[in-house]
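Me: I have a model open here and want to go through it with you. Can we start with how you count things?

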Amino acid sequence: MENGLHRTLDVQFREDDCRMRKGHAPAVMGILRRATLNMVRTIQRNFETDVSIGLLRDHIGRQPWILASALL
């Protein structure tokens with residue numbers, strides 16, 4: 001059975017569909033995906049309403065100042 005982290009990475013970031021197989025690229029992308037997920041979850045905790053990770057990623061893509069305020 002898959003754990004919650006793998007399922008989230010697979011559904012939100014399509015990790016299983018990634019075709020990177022050579023060199024350090026798979027490890028680097030895995031680190032970037034997990035760091036991104038941690039940032040999104042931090043922002044998600046700051047919202048008063050329940051916002052899904054997918055919807056929040058969409059909001060951050062359209063309004064990058066949401067991410068900028070979390071990084072400060």
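Reply: Contact means heavy atoms within 4.5 Å. Among contacts in the protein between residues at least 6 apart in sequence, 36% join residues at least 24 apart.

Me: What kind of model is it, and what are the ground rules?
Reply: This is a predicted model, where local features need pLDDT of at least 70 and side-chain atom pairs count only at pLDDT 80 or more, while totals for chains, interfaces and linings use all residues. Numbering runs from 1 along each chain as its sequence is written, and side-chain values use heavy atoms, with hydrogens and water left out.

Me: How many helices and strands?
Reply: Four helices and zero strands, with the order α-α-α-α from the N terminus. Helices (H or I, at least four residues) and strands (E, at least two) are DSSP runs, numbered from the N terminus.

Me: What does the C-alpha trace span?
Reply: About 40 × 30 × 20 Å along its principal axes.

Me: How much of the protein is buried?
Reply: Of the 72 residues, 21% count as buried. Buried is under 20% relative accessible area, exposed is over 50%, and partly exposed is in between (1.4 Å probe, protein chains only).

Me: Which residues make up the largest nonpolar core?
Reply: Ten residues: Leu9, Phe13, Leu37, Val40, Ile43, Val51, Ile53, Leu56, Ile60 and Ile66. Two or more of them come from each of helix 1 (4–13), helix 2 (25–46) and helix 3 (53–62). A nonpolar core here is a set of buried Ala, Val, Leu, Ile, Met, Phe, Trp, Tyr and Cys residues joined through side-chain atoms within 4.5 Å.

Me: What is isoleucine 53 in contact with?
Reply: Leaving aside neighbours within four places in sequence, Ile53 is in contact with Thr8, Gln12, Leu37, Val40, Arg41 and Gln44.

Me: Which residues of helix 3 are buried?
Reply: Ile53, Leu56 and Ile60. Seen down the axis of helix 3, they fall within an arc of 60° (taken from the directions from the helix axis to the C-beta atoms), so they line one face of the helix. The face turned away from that buried side carries Gly61 and Arg62, which are exposed.

Me: Switching to helix 2. Which residues are buried there?
Reply: Gly30, Arg33, Leu37, Val40 and Ile43. Their arc around the axis is only 155°, which puts them on the same side of helix 2.

Me: And what is exposed on the other side?
Reply: Ile31, Arg45 and Asn46.
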